[in-house]
Amino acid sequence: MVYKPVPYRPPRVSPTEGLRRLREDYETAQQRRTVRTFSPDPVPREMIETALLIAGTAPSGAHRQPWHFVAIGDADTKAQIKREVEQAERDFYERRAPKEWLEALAPLGTDSRKDYLTVAPWLIVVFRRDYDLSEDGKRLKNYYMTESVGIAVGFLLQALHRAGLVALTHTPAPMTFLRDICERPVNEKPFVLIPVGYPAEDCVVPDLARKPLSEIAEFR
Ligand code: IYR
């Protein structure tokens with residue numbers, strides 16, 4: 001493939017208007033919380049489709065777009081995922097997790113019960129494509145897959161939030177079983193499992209604070 005650029009002329013935004021938009025966006029972003037108590041209220045499939053289109057606008061290494069999303073609304077599949085995840089998580093909490101890790105999780109109030117996996121109307125399984133397969137079956141290397149998929153997930157979480165939805169960034173370990181349940185090929189690795197929906201009416205979240213700018217950034 002050869003380099004054949006096309007014009008790019010996005011509308012120019014003044015710094016004043018830009019700052020106004022950033023402050024508004026920050027106000028919105030600030031309200032996002034990771035949620036573990038979902039309402040069973042349905043979420044239209046088109047909302048998920050559009051949020052996934054936004055995720056797919058993420059930049060990626062060599063523009064390989066090394067992601068694949070499986071949105072699960074089917075109750076039986078969700079129940080199957082819940083069984084497998086809870087088994088893996090029981091092993092984590094009761095055996096595998098070092099004390100230090102359990103202490104780090106204590107303020108989050110998590111345990112191996114994952115009721116949200118069957119309550120949330122959608123489970124989005126994000127896959128990282130470690131290589132592509134060309135038409136003649138040859139392996140085509142991908143680049144910066146983790147960074148690329150991570151950015152796409154960031155776009156997705158922000159899009160869902162702005163649509164009034166809540167989500168949980170869940171990484172059960174191990175989660176290779178998700179590849180079998182979702183019938184995905186061996187070149188794809190489960191990256192994160194994201195339940196999506198509306199928060200339950202009695203939803204509570206940990207009382208956490210975000211680091212101030214002075215702790216996360218510096219200017220030189
Ligand atoms: N996967 C487990 C444990 C867990 C780990 C981290 I790091 C968290 O930020 C939260 C939970 C679970 O989902 O309970």
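Phenylalanine 92 is buried, with a relative accessible area of 8%. The model is predicted. Phenylalanine 92 belongs to a cluster that ring pairs build from Phe92, Tyr93 and Trp101. Phe92, Tyr93 and Trp101 are also among the residues that surround the ligand. The ligand takes up the space of the largest pocket.

**Aromatic pairs**

- The structure holds three aromatic pairs.
- One of them joins phenylalanine 92 and tyrosine 93, with ring centres 5.1 Å apart.
- The planes of phenylalanine 92 and tyrosine 93 stand at 90 degrees, so this pair is edge-to-face.
- Phenylalanine 92 also pairs with tryptophan 101, at 4.8 Å centre to centre.
- The planes of phenylalanine 92 and tryptophan 101 are 80 degrees apart, and this pair is edge-to-face.

**Burial within the cluster**

- Phenylalanine 92 counts as buried because its relative accessible area is 8%, and the cut-off for buried is under 20%.
- Tyrosine 93 is buried as well.
- Tryptophan 101 is partly exposed, with a relative accessible area of 46%.

**Ligand surroundings**

- Tyrosine 93 places a polar side-chain atom 2.4 Å from an oxygen atom of the ligand.
- Lysine 114 has a polar side-chain atom 2.5 Å from an oxygen atom of the ligand.
- Histidine 170 has a side-chain N or O atom 3.1 Å from an oxygen atom of the ligand.
- The ligand taken alone exposes 380 Å², and the protein buries 71% of that area.

**Charge over a ring**

- Arginine 139 has its charged end over the ring of tyrosine 131.
- The charged end of arginine 139 lies 3.9 Å from the centre of that ring.

Key
Residues are numbered from 1 along each chain as its sequence is written. This is a predicted model: local features need pLDDT of at least 70, side-chain atom pairs count only at pLDDT 80 or more; totals for chains, interfaces and linings use all residues. Side-chain values use heavy atoms; hydrogens and water are left out. Rings of Phe, Tyr and Trp (its six-membered ring) pair if their centres lie within 6.5 Å; planes under 30 degrees apart count as stacked, over 60 as edge-to-face and the rest as tilted. Buried means under 20% relative accessible area, exposed over 50%, partly exposed in between (1.4 Å probe, protein chains only). A charge sits over a ring if NZ of Lys or CZ of Arg is within 6 Å of the ring centre and within 35 degrees of the ring normal. A residue is near a molecule or strand if one of its heavy atoms lies within 4 Å of it. A polar contact is a pair of N or O atoms within 3.5 Å; within protein, one must be able to donate a hydrogen and the other to accept it, and residues adjacent in sequence count only if both atoms are side-chain atoms. Accessible areas come from the Shrake-Rupley method with a 1.4 Å probe; for residues, only the protein chains shown count as cover. On a 1 Å grid over the protein atoms alone, a cavity is a set of points where a 1.4 Å probe fits but cannot get out, and a pocket is an open set with protein on both sides within 12 Å along at least five of seven lines; lining residues have an atom within 4 Å of a point. A molecule sits in a cavity or pocket if more than half of its atoms lie within 2 Å of its grid points.
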